[in-house]
Amino acid sequence: MDNIYIEYDFKISPKEPATEILVAELGEVGFESFVENETGMLAYIQKNDWFETILDDIFILNSDEFEIEYDFHEVAQTNWNEEWEKNFEPIQVDDLVSIRAPFHENPNLQYQIIIEPKMSFGTGHHETTHMMIQHLLELDLKNKKVLDMGCGTGILAIFAEIKGAKPIDAIDIDEWCYTNSIENVERNNCNHITVYQGDASLLTNQKYDVIIANINRNILLADMKIYTNCLEKDGILLLSGFYEEDLPIIDEEASKNQLKLQKTKTKNQWLSAHYKKQ
Ligand SMILES: C[S@@+](CC[C@H](N)C(=O)[O-])C[C@H]1O[C@@H](n2cnc3c(N)ncnc32)[C@H](O)[C@@H]1O
C-alpha cells in the first residue's frame, strides 16, 4: 500500500541560505525529503508523522531576513517519485565522482554512483553529503571495515565499496531508506554492503576501521559514545549534518570519547569533521 505524504510548497526569497536552514529545521521535526525548485522547495512528511502545529517551532519562518510562504496538500508516494525524475540533476564532486540517476548520461569520471533516491535523503546535492564524499576521497579504504550510520540512499556506503572498503554495514532508522539503500546497492553491483533498519542500539560488539555518520547534531551528540565504542584504535569517525557554529559542542563530546579532530570541511555554513580515535 502506498504511504500518504503531505507535500509543502515553500516559496522562499532570497533562497540562500534560507533553504538550507529550512531543510535542517524541517528535518528535525520529521520531514523526510526535499526537492529544490525555482521558487523554493517542496518538502515531504508522512501523514502519520504530521500534526496541525508542526511548523509552529520552525524558527526561520519568523525571520525578518527572508520571505517564506507556503501551502500544503496530500500526495501519494508515486507522485513524489515523478517529482524526483523531473528535478534530480546529476552532480559531480571534485571532477572525480559522478552521482547520477539511471536515466542521466554518464560523464565518465573516475568514480560513478548511480542513485534512484525515491523518498530518501542522499543524492550528493546536499552539502553534508558532498563533504562526506570529499572526506572519503581522501581516505585509503582498501579492505577497511566501514559502518555508514544514517545511510539514506546508501550513497556513502556505495562510495566506500567503490573505494575498496569491505565489509560495510549501512544502517538507517527509516524503512524507506532501508529499502531504497538495498535497491541502490544492487543497482551499483555492490557485493560487500549489508543494510539494516534501526539505530545505534543495533551496535553491540562490532568493530569498524571507519564510521561515517551524516545525521544531525542532536543524534550525533547522543550516539557518539556508541559509535566510538565500535571503532578500532586509530579508527576514523566522519561526522556531518551540523553547522559550523555547532562544532564546539560536537568537539566537546568528541573529546570525552578520546576522539581527536584531524580536519574539517565547510560548505555554505555546514561543517563536516574527520576524527581519529586515540
Ligand atoms: C542527512 S541524511 C544522510 C543520508 C546519507 N548518508 C547522505 O550522506 O546523503 C540522515 C539519515 O539518517 C537517518 N537517521 C535519522 N536518525 C537516525 C538514527 N538515530 N540512526 C540511524 N539513522 C538515522 C535518516 O532517516 C536519514 O536517512
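A residue counts as buried if 20 or more other C-beta atoms lie within 10 Å of its own, as exposed if 12 or fewer do, and as partly exposed in between, with C-beta atoms placed from the backbone. Keep that one in mind, everyone, as we walk through this structure.

Two housekeeping notes. What we have here is a predicted model, where local features need pLDDT of at least 70, side-chain atom pairs count only at pLDDT 80 or more, and totals for chains, interfaces and linings use all residues. Residues are numbered from 1 along each chain as its sequence is written.

Let's begin with the overall layout. The protein chain is divided into domain 1 (4-85) and domain 2 (127-277); these bounds come from an automatic or database domain assignment. Taken over C-alpha atoms, the centres of the two domains are separated by 26 Å. How many residues of domain 1 are in contact with domain 2? There are 5, and they meet 4 residues of domain 2, where contact means that the C-beta atoms, placed from the backbone, lie within 7 Å. On the side of domain 1 that touches domain 2, we find 1 nonpolar, 1 polar and 3 charged residues. In that count, Ala, Val, Leu, Ile, Met, Phe, Trp, Tyr, Cys and Pro are nonpolar, Asp, Glu, Lys and Arg are charged, and the others, Gly among them, are polar.

Now to strand 9, residues 168-172. Helices (H or I, at least four residues) and strands (E, at least two) are DSSP runs, numbered from the N terminus. Is strand 9 mostly covered or mostly open? Mostly covered: 5 of its 5 residues are buried. Ile168, Ala170 and Asp172 point one way, while Asp169 and Ile171 point the other way.

Who are the neighbours of strand 9? Two strands pair if DSSP finds at least two bridges between them. Strand 8 (residues 146-149) runs parallel to strand 9 and is joined to it by 4 bridges. Within that pairing, Val146 has Ile168 as its bridge partner, and Leu147 stands opposite Asp169. Strand 10 (residues 193-197) also runs parallel to strand 9, through 5 bridges, and there Asp172 stands opposite Gln197. To get from strand 9 to strand 10, the chain crosses through helix 5 (residues 175-187) in a right-handed β-α-β crossover. Right-handed means that, with the strands pointing away from the viewer, the path from the first strand over the helix to the second runs clockwise.

With helix 4 (residues 155-162) and strand 9, strand 8 makes a right-handed β-α-β unit. Strand 8 also pairs in the parallel sense with strand 11 (residues 208-214), over 4 bridges, and Met149 stands opposite Ala213 there. From strand 8, Val146 and Asp148 point one way and Leu147 and Met149 the other, and all are buried.

Next, an open sheet of 3 strands, with the order 5-6-7 and mixed pairing. Strand 5 (91-93) and strand 7 (111-114) are at the edges with a single partner strand each, so one side of each has no neighbour in the sheet. Strand 6 (residues 97-100) runs parallel to strand 7, with 4 bridges joining them, and Ile99 stands opposite Ile113.

Finally, let's visit a loop. Glu38 lies between strand 2 (33-36) and strand 3 (40-46). Is Glu38 buried or exposed? Glu38 is exposed, because there are 7 other C-beta atoms within 10 Å. Glu38 and Lys11 are 27 residues apart in sequence, and 8.9 Å apart in space, C-alpha to C-alpha.

Methods:
Contact = placed C-beta atoms within 7 Å.
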